[in-house]
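Morning, everyone. Please have a look at the screen, and then I will walk you through what is there.

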Amino acid sequence: MESTLIKDTTKEERIALIRSWVPEDEVGDDCEIDLWDMYRDYINGTREIAEINAAFSAGFYEESDLNRR
């Protein structure tokens, strides 16, 4: 697998990657997540995919989840 890090990709390659994640059929219309908006910083070269995904995932944890051992 090729690297998707900002330093290893062009803006056009980053756009193509996000485009590959967008469903071709309009089934995703029900989804409240706009991938273009979510990954805008990645496309523009300011944040890596992992950073965006971590920030997004963090919103799904409750305090009790974090305190489990």
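One term before anything else. Buried means under 20% relative accessible area, exposed means over 50%, and partly exposed is in between, with a 1.4 Å probe and protein chains only. Take Arg40: its relative accessible area is 42%, so Arg40 is partly exposed.

Now the ground rules. This is a predicted model, where local features need pLDDT of at least 70 and side-chain atom pairs count only at pLDDT 80 or more, while totals for chains, interfaces and linings use all residues. Residues are numbered from 1 along each chain as its sequence is written, and side-chain values use heavy atoms, with hydrogens and water left out.

How confident is the predictor? pLDDT is its confidence in each residue, from 0 to 100. The chain averages 83. Of the residues, 72% score at least 70. By element, helix α3 has the highest mean pLDDT, 97. Helix α5, residues 63-66, has the lowest, 60.

Next, the layout. Helices are DSSP runs of H or I with at least four residues, strands are runs of E with at least two, and both are numbered from the N terminus. How many helices and strands are in the chain? Five helices and zero strands. Along the sequence, the pattern reads α-α-α-α-α. The chain has 69 residues, and 14% of them are buried.

A contact means heavy atoms within 4.5 Å. Look at the contacts in the chain with a separation of 6 or more: 47% of them join residues 24 or more positions apart.

Let's go inside. A nonpolar core is a set of buried Ala, Val, Leu, Ile, Met, Phe, Trp, Tyr and Cys residues joined through side-chain atoms within 4.5 Å. Which residues make up the largest nonpolar core? Eight of them: Ile6, Ile18, Met38, Tyr39, Tyr42, Ile43, Ile49 and Ile52. Two elements give two or more residues to this core, α3 (40-43) and α4 (49-58). In soluble globular proteins, nonpolar side chains tend to be buried together.

Stay with Ile6 for a moment. Leave out residues up to four places away in sequence. Ile6 then touches Arg14, Tyr42, Gly45, Thr46, Arg47 and Glu48.

Thr4 sits in the segment before α1 (11-21). Its relative accessibility is 29%, so Thr4 counts as partly exposed. Beyond four places in sequence, Thr4 touches Thr9, Leu17, Tyr42, Glu48 and Ile49. Tyr42 is 38 residues away from Thr4 along the chain, and their C-alpha atoms are separated by 9.9 Å.

Thr9 is also in the segment before α1. Is Thr9 buried or exposed? Thr9 is buried, because its relative accessible area is 16%. The Thr9 side chain reaches the backbone oxygen of Leu5 at 3.1 Å. That is a polar contact: a pair of N or O atoms within 3.5 Å, where, within protein, one must be able to donate a hydrogen and the other to accept it, and residues adjacent in sequence count only if both atoms are side-chain atoms. Leaving aside neighbours within four places, Thr9 is in contact with Ser3, Thr4, Arg14 and Tyr42.

On to the rings. Rings of Phe, Tyr and Trp (its six-membered ring) pair if their centres lie within 6.5 Å; planes under 30 degrees apart count as stacked, over 60 as edge-to-face and the rest as tilted. The structure holds one aromatic pair. Trp21 and Tyr39 form it, edge-to-face, at 5.3 Å centre to centre with 70° between the planes. Why does this pair tie together separate parts of the sequence? Trp21 lies in helix α1 and Tyr39 in the loop between α2 (35-38) and α3, so the pair ties together parts that are 18 residues apart. Trp21 is partly exposed at 35%, whereas Tyr39 is buried at 6%.

Last topic: charges. Side chains of opposite charge can pair when their charged atoms come close. A salt bridge is a side-chain nitrogen of Lys or Arg within 4 Å of a carboxyl oxygen of Asp or Glu. The whole structure has three.

- Lys7 meets Asp8, N to O at 3.8 Å. Lys7 is exposed at 68%, and Asp8 is partly exposed at 40%.
- Asp37 pairs with Arg40, the closest N and O atoms being 3.3 Å apart. Asp37 is partly exposed at 46%.
- Asp41 pairs with Arg47, with the closest N and O atoms 3.3 Å apart. Asp41 is partly exposed at 29%, and Arg47 is partly exposed at 26%.

Terms used: pLDDT = per-residue confidence, 0-100.
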